[in-house]
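Hello,

Here is the structure I promised to pass on to you. Please have a look at it, and then read my notes below.

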Amino acid sequence: MTPERKSGMLALIIGILGFLYILIFPKSVLVVYLGTALFTPFILYGIGIMFIPKTRRRKEGLLPFRGW
Amino acid sequence: MELYNLKYVMDALAYSLYAFLVGGLLLGLHRKIVARIQGRPGPPILQYILHTLKFYFKEITFPITAGNPLYLLIALMSITVWMSALYLGVVFNTSLLILMGLYVLQKIVEHGCGLSSGSPYGKLGGVRSVFSAAAEVPLFTVMGIIYLLTKSLIIEDIIRYQEIHGPIIFQLPFAAFAFFVLLLSKAPNSPFAIVKDKSIVSGYLTEHFGILESLIMIADGIAWFVLLWIFLAVFIGPLVVSDPLMTLLGMVVLTSLISLICALTPLLTPNHSVMIQILISALALVDLLHRIFMG
């Protein structure tokens, strides 16, 4: 797994756990809103990383061949 | 297990989506107006939102020089900062001081973005973002002037004050001007936009591409909405912000005015940009001291 995809998976797990917490526990509306502000970027990044296309690189860190 | 807070989370996400769409369209309008004034057709108004979507699905790799996890987390922090500003300012009408603190956090985002990338262009952009903190000095004095007049820094109280006494912009024109310069310094292609100067490629954003750039663009869209809303709420008041359509109209007018200035002025050098902003803050300070000592 590439470091990018690994970071995406981790972000998705943090985001989902965070959302579960703010959906169930907080009594204050302000905490719910600020929790949403905190965990939405993790979800956005986690989902986005799942959508990125398969790499054209043969090996990690190498640029794809673009002609002479 | 009951999800008591589901409604609030949905509301919060809906507010953010609305702010991003409106902010994104206004930034698109900004580019269109600048282009038309310069005699170019310019991109469609939707371009900012289309770019955000396009970058969201682009492949990324972490640059070999990038300092992770800061390189990644700083893009996420950018959205957190402006979503928090949206909720605390626009939704809950809390204190201007908290918004000021969040605006300072934005400087940390710019600085962190530049320095974590490892690119010399990014680093220059990050360093310039520290210079451009001079734009926040007038904000301190503006808050002092507003406090002297309204005896509160809570946005709700300031709006209520204007219900009785009329828009503050007529009583504190210089404070409104100083705040307007802050808005101008945040606009793309503005004379004060030294952090994204093309001579340093894309400034602090140079090495943040693909989905990370998309996330920062989402944050910038929300930031534009929030900053325009604060200006309208603090200086014009319920006349505009009590009606969503009037708020939109006010934002379009402000964006058009800023676009006009951006199209007609060259980018200042960093030292000139800082000098002008310090000059404005000095004048705002004189205004504040005059109000303190002369009543």
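Buried here means under 20% relative accessible area, exposed means over 50%, and partly exposed is in between (1.4 Å probe, protein chains only). Helices (H or I, at least four residues) are DSSP runs, numbered from the N terminus.

Before going on, a word on the source: this is a predicted model, in which local features need pLDDT of at least 70 and side-chain atom pairs count only at pLDDT 80 or more, while totals for chains, interfaces and linings use all residues. Residues are numbered from 1 along each chain as its sequence is written, chains are lettered from A and ligands numbered from 1 in the order in which they are written, and side-chain values use heavy atoms, with hydrogens and water left out.

After H7(B) comes B:Gly166, with a positive phi near 85°.

**H6 with H12**

H6(B) (residues 137–150) packs with helix H12 (residues 270–294) of chain B at an angle of about 20°, the axes being 8 Å apart. The two are therefore roughly parallel, a term for angles under 35 degrees. Axes are lines fitted to C-alpha atoms, for helices over the stretch in contact, and angles run from 0 to 180 degrees between N-to-C directions.

B:Thr141 lies in H6(B) and is buried, with a relative accessible area of 7%. B:Thr141 touches B:Ser281, B:Ala284, B:Leu285 and B:Leu288, not counting residues up to four places away in sequence; contact means heavy atoms within 4.5 Å. From B:Ala75, B:Thr141 is 66 residues away in sequence and 30 Å away in space, C-alpha to C-alpha.

**H4 with H8**

In chain B, the axes of helix H4 (residues 96–117) and helix H8 (residues 173–186) come within 14 Å and cross at roughly 25°. H4(B) is therefore roughly parallel to H8(B). Here B:Tyr103, B:Gln106 and B:Glu110 in H4(B) meet B:Leu182, B:Ser185 and B:Lys186 in H8(B).

Best wishes

Technical notes. Angles under 35 degrees count as roughly parallel, over 145 as roughly antiparallel, 65 to 115 as roughly perpendicular and the rest as oblique.
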